[in-house]
Structures are given as C-alpha cells and as structure tokens.
Amino acid sequence: MLRKINIHGFKGVMDATLELGRLTAIVGPVGSGKTSCLEAVAMLGCAAQGQVDLGMLMLRGVRIGAPARYPTALAVESDGSRPITLEVSSDWASYHVNLTMPAEDDRARWGFAKETFHEDTRHVVDRSGRTAEIRNPSGEVLLSPKLDSDHGIASLIKGLRGDSQSAALVRELEKLMIFSLDTPVQAGTLKDPWPSSPMGPQGGGRTQAIERIRRSGVMARFEKEVSQAIVWLDSVAVEASPQAEPTLRFQDRQMAPGVGKLSAGELSEGALYVTALLTLLFDPATPPLLIVDNVDHALNPKLASYLFGRLQEIVLSDPQRPQLLLTSRHPYVLEKLDLTDERVRLYYASRDRLSGVARLTPVKDACIQEGQPGPDMPRARLWLSGGLAGVPSP
Ligand SMILES: Nc1ncnc2c1ncn2[C@@H]1O[C@H](COP(=O)(O)OP(=O)(O)O)[C@@H](O)[C@H]1O
Ligand SMILES: [Mg+2]
C-alpha cells in the first residue's frame, strides 16, 4: 500500500505532501489544485514505467497541455531550471525522481535528472544523469548501467531484483492513473479517447470490467451495491451476440416483464456514474490505488454523500478492494467521512491569492470540531461558511 507522496514544482503545487490512508479525500474549490495533485501522481506512474511523455500522460488521464505547462510557472520559483520532484513511499520502499522538461518539441520525453530507491533505510539505487548504480540491501553493487537521459531506471530494477521491495513498489506505481468518468463514454455514445487498460480514464472498457467482476465471483456484491444506490435497478448484465460487441443491459425492477432491458444510453447520468464507480471498485484489474477525480460528478448531493459513505465502508472492511484517492468539490461528501479512523484522511486544497501556490492542508476531526461556529454544525455548512480552512468567495 502506498503511504506517502510528495509533490514539488508541478503546476501550481510547489510543495505538497499526501499521507495516504485506505481512503484519502481531497476537497476544495474549483482551481485549488486538486486535479494537479492527481496529475503529479499519474506522472509518477509514467516515471516508474520508465518513460514520461505526453502520450503516456494522457493514457493515465492527465489533461492535455504543452510540456512547458507541467512544471510550475509560478514566479516564486523562477530560477529557470524548473524540475519536477516527486517522491513516494510504501511500507518498505521509497522512490524519488527528479524530472526535467523536454525541449521545445511536444513529442519529446521528460529527462530523468536523478532517481533513488530506498528499501527500509538502505539506499539501493542511485541515478544521476546517465550514470546509475543498483545495489542489493547489503551494499553490494549489482550493476552500474549507462542510461539514456529520457529513460527511467525503475523497469531495470524489476528485471534485476524482481522480488525486492523496490520492484514491488514499481509494479504498484506503474498502474497509477486518474479516472475522470465522462457521461457520453458511460452512455456508450462516445468511445474513451484513451483506451487504457484496465479501463480508460473516462470510463471506457466498462463492459469488459463487468465481465471480469462476474468471473471473479463478486457480481452479487457489485449488483447489491448498485441496486442499493439506485433503488429501481435490479440487475446489470453483459449481453453478448456473435454479430455485435458485448453491451451492458440494465433491468428496471418496476417495468413490466417483457419490455426488455435498458441500454446504457437510456439510463440517467447518475445511474451510469454510480455503476461506473462501483465497477472500478469491484473490478479485480483496478489499480491497487484507485484515483477518481470529481467523484461527486453527476450525482445529487444525497446520492453523492451516500456513495461516499459506502465507498468508505467497503474499503475499510474489505482488504481485497483498492486503496482510494478521491477528489470532490461537494461539501456534502464530508458528512460521511469518519475522521476518527486513522485509515481515513482528508485534505483541503486551497490556492494562495497572492502567490498562486496550491496547498494541501490535512484536516483532522479535531480541527473540524474546533471550527466555527460550533461542533454541531454539519461539516458541509462548516465548509461553506469558511470554518473548514478558507473557502474564497467567488
Ligand atoms: N504550470 C503551471 N504553473 C502554475 N499554475 C498552473 C500551471 N498549470 C496550471 N496552473 C493553475 O493551476 C490551477 C489549479 O488547477 P486544478 O488542478 O485544475 O484545480 P482543481 O482541480 O482544484 O479545480 C489552475 O487554475 C491553473 O491556472
Ligand atoms: Mg479539477
């Protein structure tokens, strides 16, 4: 399980630390840097795979932008070099990478200026520019490769020390991507523009994901969760025919028998969204850290709050389900968060008005209780009234 991520010099984020729980939520107003933080995490996924370029970033759900727009452009750090530094640690290993911007060419790759791996407290990989050293934990040098400046060392570690803690960390990082579920893709009217595996960042490939859920034996649980959230929905099925691609069919328990099942395009936006989110949660191929941006998207406040509570309950009680990193602009999701449980973490994103720097502030239950104007106030109202960090008025 990933424990801690540090982001330095990425877009508006100058220095932010995320201490991850089983469920980590980032809330904050529009433009406060929530998505930027997730994108930095996805960039870490590219680095672990050994190559950072625009195509790879997009497959992982990062927004399209010229390479020059990824390092921070804030005046507070205008020393010209603008490297992006990312650090991540799991229980036993940590990885640190320093990425430099590619030249003018949009197709170019980011350079790897520095990379290090630690296992426990032992330094096992050291890379600076094109030279590197890979050691075992007792300090013996196993390999001193010469590397291309636009290739990361992580994939080499998998080959050389496949059963090490560093390799386990690399395998987990490689799967990192951001899901921002998109309604037309869910409805089947558009294809996911980035058809990644296991699901596209906008939610493409959901039919195959539901097939995987069925094969893994958790279909009944998945359907129960879907039908508890959407009361009229009885079942979700994959309909296959030799002539056409498999499609999803939804059974409304209140419609007369014989009318037939509904297609995804006939469902409400909220129902589609709930199905997609729960699909990600139950799909055995979902990355071990499931990242969803704007998790409240398309949901009414009550459903958003309910679903947030269910996600929390499921990931806290079932170790088979992924660790969650979610963002939301919706104050209502806060009501369900159990901040007395140390496996649940909440961060408040905000952007400094003068410098433009985006910050992540950990919010503890105690801070909320000390917040104005009183502990009995619903957290949603506390947020909107400015009692939970500062929400700028538009
Ligand atoms: N390279 C950059 N340097 C500094 N700030 C940036 C850079 N790229 C984008 N931004 C700013 O970061 C802000 C935060 O955006 P975003 O992460 O999308 O916030 P949120 O997801 O909370 O709405 C945007 O308002 C944008 O102006
Ligand atoms: Mg955003």
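**Ala 349**

I began with Ala 349, which sits in strand β16 (residues 344–351). Helices (H or I, at least four residues) and strands (E, at least two) are DSSP runs, numbered from the N terminus. Before going on I noted that this is a predicted model, where local features need pLDDT of at least 70, side-chain atom pairs count only at pLDDT 80 or more, and totals for chains, interfaces and linings use all residues. Residues are numbered from 1 along each chain as its sequence is written, while chains are lettered from A and ligands numbered from 1 in the order in which they are written.

Is Ala 349 buried or exposed? I found it buried, because 25 other C-beta atoms lie within 10 Å. The cut-offs: 20 or more other C-beta atoms within 10 Å of a residue's own make it buried, 12 or fewer exposed, and anything in between partly exposed, with C-beta atoms placed from the backbone.

Next I listed what Ala 349 touches, leaving aside neighbours within four places in sequence: Ile 26, Gly 28, Ser 32, Gly 33, Lys 34, Ala 358 and Leu 360. Contact here means that the C-beta atoms of two residues, placed from the backbone, lie within 7 Å. I also looked up Arg 253, which is 96 residues from Ala 349 along the chain; their C-alpha atoms are separated by 41 Å.

**Ligand 1**

Lys 34 turned up again here. Which residues come nearest to ligand 1? Of the 16 around it, they are Gly 12, Lys 34, Thr 35, Ser 36 and Ala 73. A residue is near a molecule or strand if its C-beta atom, placed from the backbone, lies within 6 Å of it.

Helix α1 (residues 34–49) gives the largest share of this shell, three residues. I sorted the shell by class and got five nonpolar, eight polar and three charged residues. For the classes, Ala, Val, Leu, Ile, Met, Phe, Trp, Tyr, Cys and Pro count as nonpolar, Asp, Glu, Lys and Arg as charged, and the others, Gly among them, as polar.

I followed α1 to helix α4 (residues 165–174). Seven of the ten residues of α4 are buried, so the helix is largely enclosed by the rest of the structure. I wrote the buried ones down: Gln 165, Ser 166, Ala 167, Leu 169, Val 170, Glu 172 and Leu 173.

At what angle do α1 and α4 pack? I read about 125 degrees, with the axes 8 Å apart. Axes are lines fitted to C-alpha atoms, for helices over the stretch in contact, and angles run from 0 to 180 degrees between N-to-C directions. The two helices are therefore oblique to each other; under 35 degrees counts as roughly parallel, over 145 as roughly antiparallel, 65 to 115 as roughly perpendicular and the rest as oblique.

On the α1 side, Leu 44, Gly 45, Ala 48 and Gln 49 make the contact, and on the α4 side Val 170, Leu 173 and Glu 174. These contact residues divide into four nonpolar, two polar and one charged.

**α8 against α9**

Gly 270, Val 274, Leu 277 and Leu 281 of α8 meet Leu 303, Leu 307, Leu 311 and Ile 314 of α9. By class, that contact has seven nonpolar residues, one polar and no charged.

Glu 269 is also in α8, and it counts as partly exposed because it has 14 C-beta neighbours inside 10 Å. Beyond its neighbours within four places in sequence, Glu 269 is in contact with Thr 183 and Ala 298.

**Two positive phi values**

Ala 298 has a positive phi of about 70 degrees and is placed in the loop between β14 (289–292) and α9 (301–317). I counted Ala 298 as partly exposed, with 19 other C-beta atoms within 10 Å.

Lys 11 has a phi near 50 degrees, and its place is in the loop between β1 (2–8) and β2 (16–19). Lys 11 is buried, with 22 other C-beta atoms within 10 Å.
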